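Let's take a friendly walk through this model, strand by strand and helix by helix. Please have the structure open as you read.

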Amino acid sequence: MKKLLSLILALALAASAAGCAAQPASGSASAPAPSSSVSAPAAGKPGTDPSGAEVNIPDEIGSVVVLAPSIAETLVALGCGELIVGYDTQSAGLAGLPEGVPTFDLMQPDMEQLAALKPDVLFVSNMTLYDQSNPYQQLMDLGVCVLCVPTAGSIAAIQEDIAFIAAAMGKSAEGDALLADMQAELDRIAAIGAAVTDKKSVYFEIGAAPSMYSFGGGVFLNEMIELIGAENILAGQEGWLAVEAETIVAADPDVILTNVNYIDDPVAEILGRSGWEGMSAVQNGQVFYIDNMASSLSNQNIVKALDQMAKAVYPELFSAE
């Protein structure tokens, strides 16, 4: 789960530009040939996926391959773990996933191996083969329903994706319960954050020096900073960002958060970073690690990261909760 997973959100900067090119909106994810028309969706199943592609989701799903850790966690939370017959290597080790099944490279999955599995449904994100026009045609010709869930840019989009995955799997009731729990936690933290009048400034690092990455507006993590009653020092910019050290030093944030997990001690590295010793956050020891998985994967578990962020930035408000 090391460097690639830690930087998966930064990589989405490139992936989001191309979107999910696997299925043109006019084609069917399970059509027998590219020219086939889309049949009516199964009762209660969505007729389009979050990428906008028209899909024909099987009424009964007996096997699933998932090539996105965020989607894999949601499938497990919905009680669909036992249906998963393959997943990407970045998902290896996630709780609830079966052992001893084939695993696939997230960026370049083996299409022949996928075809041999012939799952009823293949879930992908825009991280997988996003730069090819229709990489899943071989699978679609075999009758595999390919569902693309692009990386969500907002909390609302994350919730919509969860609802889609639940509906696609015939687990809408479970999805509603999952979303209700998620919303309750969002509401709890937002209510406290809304009362903050003296907002602290925050820099959230997702890629360590010398190749630092962070984010501006249009990213769910930016919303999370705002929900706890703080301000992202890069909020004036958009999307995932490569940042310069001088920019952060000049902004002089009150608090620094990091979810970097591919160096031994990211907090100590920031506290000892050359040229940063005069920053308020460094001088005051206000540098904190936020769980990489919870903050990197766009699913229901972002509330775990949100709670950690809230307690790190405003311990006096949230730690007693």
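## A parallel sheet

Strand β4 and strand β5 (residues 145-148) run parallel and are joined by 4 bridges. One of the pairings to look for is L122, whose bridge partner in β5 is V146. Before going further, please keep in mind that this is a predicted model.

On to the pairing of β4 with β1 (residues 64-67): these strands also run parallel, with 4 bridges between them. Here V64 stands opposite V121 of β4, and V66 stands opposite F123 of β4. Stepping back, the open sheet has 5 strands in the order β3-β2-β1-β4-β5, and the pairing is parallel. The edges are taken by β3 (103-104) and β5, each with a single partner strand, so one side of each has no neighbour in the sheet.

## Both faces of β4

Which residues of β4 (residues 121-124) lie on one side, and which on the other? V121 and F123 are on one side, L122 and V124 are on the other, and all of them are buried.

Helix α3 (residues 69-77) lies across β1, β2 (84-88) and β4, and runs at about 140° to β1.

## Helix α6

Now for helix α6 (residues 155-168). At 1.5 Å a residue, its 14 residues should span 20 Å, and this agrees with its end C-alpha atoms, which are 20 Å apart.

Why can α6 be called largely enclosed by the rest of the structure? Because 10 of its 14 residues are buried. The buried residues are I155, I158, Q159, D161, I162, F164, I165, A166, A167 and A168. They pack against α3, β4, β5, α7, α8 (220-227) and α13, and two of those strands, β4 and β5, are the parallel pair described above. After α6 comes G170, which has a positive phi, near 70°.

## Salt bridges

The count of salt bridges in the model comes to 6. In general, side chains of opposite charge can pair when their charged atoms come close.

As a general point, an α-helix has 3.6 residues a turn, so residues three or four places apart point the same way.

R188 has another partner in D307, with the closest N and O atoms 3.1 Å apart. This pair links distant parts of the chain, since R188 is in helix α7 and D307 is in helix α13 (residues 302-313), 119 residues apart. D307 is buried, because its relative accessible area is 17%.

Another bridge connects E269 and R273, whose closest N and O atoms are 2.5 Å apart. Elsewhere, salt bridges that share partners join E185, R188, D307 and K311 into one network.

## Backbone details in the loops

A few loop residues deserve a look. The peptide bond from A209 to P210 is cis, with omega near 10°, and P210 is in the loop between β6 (201-205) and β7 (213-215).

K118 is a residue other than glycine with a positive phi, near 45°. Its place is the loop between α4 (111-117) and β4, and it is partly exposed, with a relative accessible area of 46%. D252 also has a positive phi in a residue other than glycine, near 50°. D252 lies in the loop between α9 (245-251) and β10 (255-258), and it is partly exposed, with a relative accessible area of 29%.

How values were computed: Residues are numbered from 1 along each chain as its sequence is written. This is a predicted model: local features need pLDDT of at least 70, side-chain atom pairs count only at pLDDT 80 or more; totals for chains, interfaces and linings use all residues. Side-chain values use heavy atoms; hydrogens and water are left out. A salt bridge is a side-chain nitrogen of Lys or Arg within 4 Å of a carboxyl oxygen of Asp or Glu. Helices (H or I, at least four residues) and strands (E, at least two) are DSSP runs, numbered from the N terminus. Buried means under 20% relative accessible area, exposed over 50%, partly exposed in between (1.4 Å probe, protein chains only). Two strands pair if DSSP finds at least two bridges between them. Contact means heavy atoms within 4.5 Å. Axes are lines fitted to C-alpha atoms, for helices over the stretch in contact, and angles run from 0 to 180 degrees between N-to-C directions. The expected span of a helix is 1.5 Å times one less than its number of residues.
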